[in-house]
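Please open the model in your viewer and keep the selection tool at hand. The stops below move from one selection to the next.

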Amino acid sequence: MDAPDPQHRVTVVVATRNRREELVEHLGRHEGPVIVVDNASTDGSVEAVRAAHPHVQVVPLPRNVGAVARTVGVRLARTPYVAFADDDSWWAPGALARAAAVFDAHPRLGLLAGSIAVGPEERPDPLNAVLAASPLGIPPGCPGPALLGFVGCGAIVRRSAFLEVGGFDDVVRFPGEEERVALDLFDAGWRLAYVPEIRAHHHPSPHRETSDRRRTELVRSRVLTALMRRPWRAVGRELRDALRAGRTGRRGVLGALPRVPAALRARRRISPTTEAALALLHAPATTDPHRTDPTATDSTAPEDRP
């Protein structure tokens, strides 16, 4: 692969699986170098991308590894910053250059969360307002409200920071994979910030999971993330809340069981400082934690299946 144009300091990593039409349609919208990591698609996605976009680096994986595909792409990237996109999303013109400038000006910024515009109507994703109102405020070294969560297709990372904390893991896989990465970045002293002028566009694919299945998988991911990083009392609360949530919660707990040994092997408790930040985020009462908690990752944007 040729060296990237020095004007382009952000690589776009797209993880995909069996979304050939959307993938081929939107790849041309990306600026700068693009790496597509294909999660063992069976619909000819790899061949279609190579034919339609020969400048794009395509990495076909032999099996579906979930969000780990993004980590594969980050490792291959040759730029200091990496933007994530899904096969039905892209970054607005000029957004990546502006993001690079923000990272350059804030050397402890590990992750930048942009705003997300949804559909042809360009509706603001409801999560935008949630991130803007983060109770963590704007601490020194942060270009915007500090965060402890993000949405994959609306995030740009400092490559070195992302890889320092291991990237996305093969325990949680997808969806809800963002929480553990956010916790580890924050715990390592990196800043995560919301910068709304940097915008991503998302036109949700019609080929998506059912909402019930997604809720079940998010419960599974929260339980596994708690096992990997939270104190036992927090793990107990996650289990209690999941079991009280009815059939969806119980299915989520059952879905987590096969991955519990791997989660325990990866267990490393976050610091009291990070726990205190989490407590501040969870302090306000809410009836929908996924829409009012800046650690949440269940917006309209990440309905894809990397």
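A nonpolar core is a set of buried Ala, Val, Leu, Ile, Met, Phe, Trp, Tyr and Cys residues joined through side-chain atoms within 4.5 Å, where buried means under 20% relative accessible area and exposed over 50%, with a 1.4 Å probe and protein chains only. This is a predicted model, in which local features need pLDDT of at least 70 and side-chain atom pairs count only at pLDDT 80 or more, while totals for chains, interfaces and linings use all residues. Residues are numbered from 1 along each chain as its sequence is written, and side-chain values use heavy atoms, with hydrogens and water left out.

Around F84, show its partners (contact means heavy atoms within 4.5 Å), among them V13, V74, W91, F162 and F168.

Next, select helix α10, residues 247-256; helices are DSSP runs of H or I with at least four residues, and strands are runs of E with at least two, numbered from the N terminus. Its buried residues are G249, G252, V253 and A256, and because they cover an arc of only 100° around the axis (taken from the directions from the helix axis to the C-beta atoms), they lie on the same side of α10. These buried residues pack against α8, α9 and α11, whereas the face turned away from them carries the exposed R247 and L254.

Finally, go to T79, in the loop between α3 and β4.

Terms used: Lists of a residue's contacts leave out its neighbours within four places in sequence.
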